[in-house]
Amino acid sequence: MSTPPLAASGMAPGPFAGPQAQQAAREVNTASLCRIGQETVQDIVYRTMEIFQLLRNMQLPNGVTYHTGTYQDRLAKLQDHLRQLSILFRKLRLVYDKCNENCGGMDPIPVEQLIPYAEEDGSKSDDRAGPPRFASEERREIAEVNKKLKQKNQQLKQIMDQLRNLIWGINAMLAMRN
């Protein structure tokens, strides 16, 4: 039920279109399907923008002097865009189902493992250097460091207040002495 990728992308099969090439054309890899899906989504967005442009320019026939021919032309364009949009959504559903079918046997990878971790010195961590660190662990460590930093800032603020009061007291005694 899926179309060959060469026909979907608008490219001709070429001079090597033997039985093996035709079989390869029918078996589309997941990366090609994702590219086709991305192009389909871009087409959907473009068509939707065109529909909104048509709707913005279209006037409602509510008794105001209006050209019926222009209205009928715009209505036909709008219906054509809606029909094409429906076809694009069906195509996107087919691509989505085929991608899920191709990836059905794969174990899902936690999202935390997909986020690369950079060490403090700016170099990326290497899988051979040790176990990978998850983003949630990193977030927890950052929260702990921020909490300690706030505590230290609070202590420094208290020390500065005490020094200010001490200097104030010394200045007051010196002023009374004169």
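**Close-up views of a predicted model**

**View 1: C99 is a buried cysteine, with a relative accessible area of 12%.** Buried means under 20% relative accessible area, exposed means over 50%, and partly exposed is in between (1.4 Å probe, protein chains only). What you're looking at is a predicted model, where local features need pLDDT of at least 70, side-chain atom pairs count only at pLDDT 80 or more, and totals for chains, interfaces and linings use all residues. Residues are numbered from 1 along each chain as its sequence is written, and side-chain values use heavy atoms, leaving out hydrogens and water.

View 2: A disulfide needs a pair of cysteine sulfur atoms within 2.5 Å, and the structure holds zero of them. C34 is partly exposed, at 44% relative accessible area, whereas C99 is buried.

**View 3: T40 is tucked into helix α3, at 0% relative accessibility.** That value makes T40 count as buried. Helix α3 covers residues 30–57. A polar atom of the T40 side chain sits 2.8 Å from the backbone oxygen of I36. Setting aside neighbours within four places in sequence, T40 is in contact (heavy atoms within 4.5 Å) with L88, K91 and L92.

**View 4: Helices α3 and α4 run roughly antiparallel to each other.** Helix α4 covers residues 68–102, and its axis comes within 9 Å of the α3 axis, crossing at roughly 160°. Axes are lines fitted to C-alpha atoms, for helices over the stretch in contact, with angles from 0 to 180 degrees between N-to-C directions. Why "roughly antiparallel"? Because that label goes to angles over 145 degrees. The crossing is also left-handed, meaning the near helix is turned anticlockwise from the far one by less than a right angle.

**View 5: Stepping back, the protein chain has six helices and zero strands.** Helices (H or I, at least four residues) and strands (E, at least two) are DSSP runs, numbered from the N terminus. Along the sequence, the pattern reads α-α-α-α-α-α. Of the chain's 178 residues, 12% count as buried. Take the contacts between residues at least 6 apart in sequence, and 58% of them join residues at least 24 apart.

Note on methods. Polar contact = N/O pair within 3.5 Å; in protein donor to acceptor, adjacent residues only side chain to side chain. Parallel < 35°, antiparallel > 145°, perpendicular 65-115°, else oblique.
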